[in-house]
Each structure stands twice: as structure tokens, then as C-alpha cells.
Amino acid sequence: MTGDVSSNRKQPARKRAAKKSAKKAAKSNGRKGRGIALRKHLQHLRVAELRDVMTFWQGTEQVNGTKRDLVKVLERLMSEEGTVYRRVRTLTRKVLDVLLLLLRRDSYASDLPGLFQRLPGEEGVHLEFHEAEAGLKALLRRGFLAEVADKSMGAAANGNGRVVYTVPDELGGTLTSLF
């Protein structure tokens, strides 16, 4: 089956409602939206990565389209609560555990060791280091996460800084409203 990006039409009213819902959810969860925007996250992906992400989110085997079209359609898909819910249901338990840990963090972001630091009132998750690492990689491949360098650790200057994984703000807002 081939999915053509151009066959997906923009639905402005639904898009505005989804963005409004995500912003409202983010505000109600005490988030300030200091993470990465969904569009910015998608624009930083290569075309091959966007096609892989689109395959997951659209459920097709092969996807055609330009980078601009892929970003546009993915942004819409990843902002629709029903689509997000259906995609989350396909995740394994350990991958979902990693996602839930990230959603509890400030700005929906953490480095790998930070996932093992318990927050006040948080139940411990039985997760091995290698399981968390594999979960992060799976979430990256599916577009749930962006990988960013922590500028406070000097990553921008010398490339040796810490890598932080973050759920894009709009997607994080939608996900927290689901859980």
C-alpha cells in the first residue's frame, strides 16, 4: 500500500482545536512550553527519518512526498488526539514506561540517567538501563522524541555535552491529557 501525502487535506478547524487542546493541557499540567515545538522537531529530521515517522503515524508501508509535505501532514497527525491515542496503544509496555517517565519531567525532557531519578510522589518503575535506552531509541524512531544537546553542559561549544530527550510541547500536552 502506498500513502501519498498530497491526498491528506489540511483541516484548519480541527488543527486549531487540537493545538488549543494541547496548549490547554500543557498549561493545566504546569508546563511552560520551554521544550521544543513539534514543527521545529519535524523540520530537523531528515527526509528518510520523516518517511519512517510517517509510516508509523499513518500506518502505511511506503510514503511519498517532499520534506515540506511530510512535515505538514505529520504535524497534523501528531496533533490529533485520536491518532495519538491509537499510536500510543501500539507501544510496548517498557517503551510506554519510558514515555510516561519523560512526560512527568519538566518540559517533558530528560537525559538517560535522569529517567532513573525519582520525583516526589512518583512510584518507582522497574526499568533496566538497557531497557530505557532501547525505549528512547524506539520513541526517537517513531517521532515521539527529539534529541537535543543540553547547552548548559557546553554541548554547543565542544560537542561533548549531555544529550537530552524531549517530547515536543504540543505532543506532550496531548499525551498528558490522555494519561
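Reader: Where does Tyr-108 lie?

Author: In this predicted model, Tyr-108 lies in the loop that runs between helix 6 and strand 3.

Reader: Why is Tyr-108 called buried?

Author: The relative accessible area of Tyr-108 is 1%. Buried means under 20%, and therefore Tyr-108, at 1%, is classed as buried.

Reader: What makes Ser-107 buried?

Author: Ser-107 has a relative accessible area of 13%. The limit for the buried class is under 20%, so the value of 13% places Ser-107 in that class.

Reader: Which residues does Gly-172 touch, leaving aside those up to four places away in sequence?

Author: With those sequence neighbours not counted, Gly-172 touches Leu-103, Tyr-108 and Val-167. Gly-172 itself lies in helix 9. Between Gly-172 and Tyr-108, which are 64 residues apart along the chain, the C-alpha atoms are separated by 6.7 Å.

Reader: How do you know that Gly-172 is buried?

Author: Its relative accessible area is 0%. Since buried requires a value under 20%, Gly-172 is therefore assigned to the buried class.

Reader: Why is helix 6 described as mostly covered?

Author: Helix 6 comprises residues 93-103, and nine of its eleven residues are buried. The buried residues are Val-95, Leu-96, Asp-97, Val-98, Leu-99, Leu-100, Leu-101, Leu-102 and Leu-103. Leu-103 is one of the residues that Gly-172 touches.

Reader: What covers the buried residues of helix 6?

Author: The covering elements include helix 5 (81-88), helix 7 (129-141) and helix 9 (169-178). Strand 3 (109-110) and strand 5 (163-166) are also among them. Helix 9 is the element that holds Gly-172.

Reader: Why is Lys-40 called partly exposed?

Author: Lys-40 has a relative accessible area of 47%. Buried means under 20% and exposed means over 50%, with partly exposed in between. The value of 47% falls between these limits, and so Lys-40 is termed partly exposed.

Reader: Where is Lys-40 found, and what separation do the C-alpha atoms of Lys-40 and Pro-168 have?

Author: Lys-40 is found in helix 2, which covers residues 38-43. The C-alpha atoms of Lys-40 and Pro-168 are separated by 8.7 Å, while the two residues are 128 residues apart along the chain.

Definitions and conventions. Residues numbered from 1 in each chain as written. Predicted model: local features only at pLDDT ≥ 70, side-chain atom pairs only at ≥ 80, totals over all residues. Heavy atoms only, no water. Buried < 20%, exposed > 50% of the residue type's maximum accessible area, 1.4 Å probe, protein only. Helix = DSSP H or I, 4+ residues; strand = E, 2+ residues; numbered from the N terminus. Contact = heavy atoms within 4.5 Å.
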